[in-house]
Amino acid sequence: MADTAGATRRRYGKEEHAINARDVHFDFGSVPMHYIPGEVFATHVINVMHLVLPEGERAMANCLAEAMPFIDDERLREEVAGFVGQESMHANSHAGAREHLQSIGLDVDSMVRTFGWLVDRILGDHGLSGRAKEEWLKERLGLFAGMEHYTAVIGEWLLENDKFEELGMDPTMLDLIRWHGAEEVEHRSVVYDAYMYVDGSYARKARTALLASTVLLATFTLSSAYLYAKDPEPDKGRFWPLQLVSATARGVVPNFSIFFKELPRYLRPGFHPSQLGPMDRALRYLAHSPAARAVDH
């Protein structure tokens, strides 16, 4: 194990509950292309969350599966297995949204395929063995732990933001992103705990956190701009940077500055993801999500 000075290993306390994949059902049949009325670019920012990021989550799940042989703690192994199951369910659920948007005229498949190809080429195991394989595994775990910090913060924002209801956002898409956000909050500690168990180097944590923030910011900006360019609507409103500034100021999309403002908290000595805040709201939403209730009925 590497030196863990300046970082905190897992601690459960009140968060000691099982993480499991949930069966959900979303009906996207009536979802319009601009499911946040009057917010073309903001819609595409949200699209990145459920069209592009799942490709990274797939690579993250594969990385954690590779890490399982290095984890002897049974409780942590259970959490990792639950995390992998949840990410698989995310990928399946978001695939339905992608297929629907493609069917109504938004070309998203080419972008998702390209992004998935890049993720596999950059973040795959590369067929390494021995010490090189272990070091690359630790590097990816550090990077994914940093990314999961941001997805957890965005998950909290999605659960707390009431602007979507005010704007009349399509209820199916609202449920999709809040369900996903709630599970991001629920499993926010798993990748971090796995990283701390397998490696725990503070230097690696700092380096990969900076890389994670930069990669996510670029992914959100470039992918949103691409989807906006591919949008077939003749009148898409103002130039997209102006729409982004307006949507951010009104709280319709997360402020992209979080990708740098959160760094000091994540890198603070003694930090652990459980310090982000209570997860009661996330667990309540997961218990009452319309998509989950649709399966129950």
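This is a predicted model: local features need pLDDT of at least 70, side-chain atom pairs count only at pLDDT 80 or more; totals for chains, interfaces and linings use all residues.
**H1 with H9**
- Val40, Phe41 and Ala42 on the H1 side make the contact with Trp240, Gln243, Leu244 and Ala247 of H9.
- By class, the residues of this contact of H1 with H9 comprise 6 nonpolar, 1 polar and no charged.

**H1 with H4**
- From H1, the residues Met49, Gly56, Ala59, Met60, Cys63, Leu64, Glu66 and Ala67 meet Lys133, Leu137, Arg140, Leu141, Phe144, Glu148, Ile154 and Leu158 in H4.
- The contact of H1 with H4 is made up of 11 nonpolar, 1 polar and 4 charged residues.

**Cavities**
- There are 2 cavities of 30 Å³ or more, and the largest cavity holds about 130 Å³ of space.
- The lining of the largest cavity consists of Met49, His50, Leu53, Glu57, Thr151, Ile154, Leu158, Ile177, His180, Gly181 and Glu184.
- Helix H1 (40-67), helix H4 (130-160) and helix H6 (171-186) are the elements that each give two or more residues to that lining.
- The lining residues of the largest cavity divide into 5 nonpolar, 4 polar and 2 charged.
- Met49 of H1, together with Ile154 and Leu158 of H4, belongs to the contact between these helices and also to the lining of the largest cavity.

Terms used:
Residues are numbered from 1 along each chain as its sequence is written. Side-chain values use heavy atoms; hydrogens and water are left out. On a 1 Å grid over the protein atoms alone, a cavity is a set of points where a 1.4 Å probe fits but cannot get out, and a pocket is an open set with protein on both sides within 12 Å along at least five of seven lines; lining residues have an atom within 4 Å of a point. Grid points are joined across faces, edges and corners, and a volume is the space filled by probe spheres set on the points. Helices (H or I, at least four residues) and strands (E, at least two) are DSSP runs, numbered from the N terminus. Ala, Val, Leu, Ile, Met, Phe, Trp, Tyr, Cys and Pro count as nonpolar, Asp, Glu, Lys and Arg as charged, and the others, Gly among them, as polar. Contact means heavy atoms within 4.5 Å.
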